[in-house]
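User: I am new to this structure. Please take a close look at one part of it and walk me through what is there.
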Amino acid sequence: MKKSIIAAGVAGLMALSMTACSNGGGASATTGAPTTTAAGAATTGAAPAAGGTIGVAMPNKTSSRWVADGNAVKAGLEAAGYQVDLEYAADDIPTQTQQIDQMITKGVKCLIIASIDGTALTSQLQAAADAHIPVIAYDRLIRDSPNVDFYVSFDNYKVGVAQATSLLYGLGLTNKDGSKASNPPAGPLKVELFAGSSDDNNATFFWNGAIDTLKPYLTDGTLVVGSGQDQFGQAAIMRWLLETAQTRMDNLLTASYGGNGAGLKGVLSPYDGISRGIINALQNVGMGPKISDGLPIVTGQDAEIESVALINKDVQFSTIFKDTRKLADQAVVAAKAFLEGKTPTANNTKDYDNGVKVVPSMLLEVDTINKEDIQSKLIDSKYWTQAQVDSGQA
Ligand code: GAL
């Protein structure tokens, strides 16, 4: 019963889809309220089913978050009556551009893209626009193109603020909420800073949020970047790779910490894969293995299961939880809106300038996870099971 209502609604919308994104106007289609269900599976229309394929391009399968994202988007779109062409590109730009070219050729009704290099898709997006295919940038903004119709993501600046706040909390300088600790340790405390991939628009937002938060402590000398490498370009890890982060941390330990990490108290990390590379390097020189054994505080992002397991074991200090189910829901809501000839509801229309235009965005909130939050935020919400947390495997 529910299925046929969904399918009926979708069919009625298909007729409209070819004109759906050719203009920026139209009424708001959604409430914008994030949900935890397959949001696209709502309640419209009365015509018979017709389906239609939506192309979903994800960057890689090596990071468990993108696998979770891909699965959640696919499930939501299918529940809404669409077929899904879900592709992963092994972090290879030509593979992703080819996949998107093929989706366009096959006549997908809408594209949902988490880009590898946010600046590399201009001609694909032009082809999509020429074919009246709406484009939704998924988590990563696509830059340098007028043909990005909508952006679904989290508040990326706030992610950076949360990461830096967590570092300060781990160092004992603040309480968990960022307020000043009543009995902070005396500085200077040595830290190192890592940033994400410089071709990913998000990396700069994370960095800016973090640096703005750390700045007062760096300025008054409470915190010191031991290596002196405090610029984004020095801290950036191309493609967010664990191995690259591990090598950089190895080099920092050799050059600035006598090869054994002496004096290093904390490391700002923008992503769990990078965090694990950093932790490997720290443990390889004999630090830790746990925080209670003196392992420096390392932050993270994405609540990847491998890192949640490390947090549970007192190895990684924190991660920022971005609920991929909610993000997937928003992508489905936006896709449905376009296919209904409407404009998805944005909650931010000023911050995401892609170099050509400000892209209307739906930004979701994030949660910081320490060991004591795993049960309430990740297990109770069924994001991960206790068994997965124990094994570190999805
Ligand atoms: C970013 C994303 C982060 C993290 C990183 C590495 O674009 O916002 O949450 O997943 O990529 O995959």
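Analyst: Start with a term: buried means under 20% relative accessible area, exposed over 50%, and partly exposed in between, using a 1.4 Å probe and protein chains only. The model is predicted, so local features need pLDDT of at least 70 and side-chain atom pairs count only at pLDDT 80 or more, while totals for chains, interfaces and linings use all residues. Residues are numbered from 1 along each chain as its sequence is written, and side-chain values use heavy atoms, leaving out hydrogens and water.

Arg239 counts as buried, at 18% relative accessibility. Its phi is near 60°, a positive value in a residue other than glycine. Arg239 sits in the loop between helix 7 (232-235) and helix 8 (242-256). Helices (H or I, at least four residues) and strands (E, at least two) are DSSP runs, numbered from the N terminus.

Ala303 also has a positive phi, near 50°, and is not a glycine. Its loop runs between strand 9 and helix 10 (305-312). Ala303 is buried, with a relative accessible area of 0%.

Now Lys322. It lies in the loop between strand 10 (319-321) and helix 11 (324-339). Lys322 is buried, at 2% relative accessible area. Leaving aside residues up to four places away in sequence, Lys322 touches several others, among them Arg65, Asp139, Gln301, Asp302 and Tyr383. Contact here means heavy atoms within 4.5 Å.

Last, the cis peptide bonds. One joins Gly187 and Pro188, with omega about -10°. Pro188 is in the loop between helix 5 (156-170) and strand 6 (189-193). Another joins Gly288 and Pro289, with omega about 15°. Pro289 is in the loop between helix 9 (272-284) and strand 9 (297-298).
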